[in-house]
Amino acid sequence: MSAKLFGTDGVRGRAGEPPLDSRTVRRLGMALVKALPRNGGEIRLLVGRDTRESGERIERDLAVGAAAAGATVVSAGVIPTPAVAHLTRSRGYAAGLVISASHNPFHDNGIKVFSGGGEKFTEALEAEVEAIIADATWHEPGGDAPAVPFVDEAGAYLAHARRVLDGHFPAHARRVAIDCANGATHEVAPALLTSLGFEVTAIGCEPDGRNINLDCGSTHPGRLARLVVERGCGFGVAFDGDGDRAILADAAGRIVDGDAVMFLCAKRMQAAGRLRGDAVVATVMSNIGLEIALRDLGIGLVRTPVGDKYVMEELLRDNLSLGGEQSGHVIFPDFLYTGDGIVTALSVLRVMAETGRSLADLAGELRTYPQVLLNLRVREKRDWMTIPGAARAIADVEGKLAGRGRLLVRYSGTEPLLRVMIEGERQADIQAWAEQIVAPVRAAIGE
């Protein structure tokens, strides 16, 4: 069994295959409990999942393993990832487990772990769990995996999320459109927004176990953008499969990503005296235009590696109040220690209400540089600098950028993908340069 299980966002893989086969999942359940601090009391774990057909089986295997190590496990059923994070902290669970592969297709799944404080497990704790799993001196339980007892906790999470709007209502967005990606938000998001007084048009709310993220949600926001225009909405939001990210659309159907959300929220929070440290945390993927726009406001930008858990670690370290990713993971630590698509949407709606401005007006103040992101599916994650031609192409592009843009080459932490991101002054140039870097890698290890 491989010692390395955790990637940038928990354990991820194809459902039914290692590391998401029954045996490994049961060992993971036991190992998690073994690694948790022992304070003498009962160890209670909360599990939630998205709508993938494999979710309940993985939930049962996790619970069998955890119970064998002495824990009591209950399930909140289908519920957004951030809800599990909040409930773990507010309801006194020792840890929260989320069964989801986020924006990936249905045949993938994953396991994310939150500490009792509602934060994602640190790399040190993940390494401890991996070491316990790799120890061959103990065995996971066999036998059947019964259903996990259900607890209805969604109401407590929704009550917490409602606090974000704090009685404000945006005149520009009484009518809203949402795309729930046939995922974990398909019931809670429409219900919450309707209860707050919005006129809601919802799509992506018919999960069948296999259509999660299928041509919908935050990775395919075009359908939402068209719906916003067709229905005359002032605001649109597309969630991903587990509800921890949000991509927005303005009244004209223009897409508003995480960078723009961080900019407009940071500006408003600074004006209201709520932006601690006058700084925002973002990853290396955020556009250089965000950095420049924040600097003009006297706001610093702290960059981290890709992964919202790294953003959260930096937010906690420096006691800051806003961070996120261009992909739509935005974190407001005063409300939650992880990305939350619903909280993100409500936070932007609050800015619209407080300023009396439309989303298009607010987001339009951010000038972004042209950006290209190429994703190459690979057979193996070999060091690209050892691939003939790749190192030379990278050096050539870096020379051409020469302080007038950015180049980032990295492997995805959750998928077999090489990502090449370039920002520069001319779209045609950076597109050609990205292809120049990808070509030798595709020839050597591309699928």
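I began with Phe 169, which is partly exposed at a relative accessible area of 28%. My scale: buried is under 20% relative accessible area, exposed is over 50%, and partly exposed is in between (1.4 Å probe, protein chains only). Phe 198 is buried, at 4% relative accessibility.

A note on the model: it is predicted, so I read local features only at pLDDT of at least 70 and side-chain atom pairs only at pLDDT 80 or more, while totals for chains, interfaces and linings use all residues. Residues count from 1 along each chain as its sequence is written, and side-chain values use heavy atoms, without hydrogens and water.

**Rings.** I searched the whole structure and found two aromatic pairs. Rings of Phe, Tyr and Trp (its six-membered ring) pair if their centres lie within 6.5 Å; planes under 30 degrees apart are stacked, over 60 edge-to-face, the rest tilted. Phe 169 and Phe 198 are stacked, because their ring centres are 4.5 Å apart and their planes at 25°.

**Charges over rings.** I counted NZ of Lys or CZ of Arg within 6 Å of the ring centre and within 35 degrees of the ring normal. Arg 27 lies over the face of Trp 138, 3.9 Å from the ring centre. Arg 367 has its charged end over the ring of Tyr 369, 5.1 Å from the centre.

**Cysteines.** How many disulfides does the structure hold? I found zero (cut-off: a pair of cysteine sulfur atoms within 2.5 Å). For Cys 205, the nearest cysteine sulfur is that of Cys 180, 3.8 Å away. Cys 205 is partly exposed, at 24%. For Cys 265, the nearest is also that of Cys 180, 20 Å away. Cys 265 is buried, at 2% relative accessibility.
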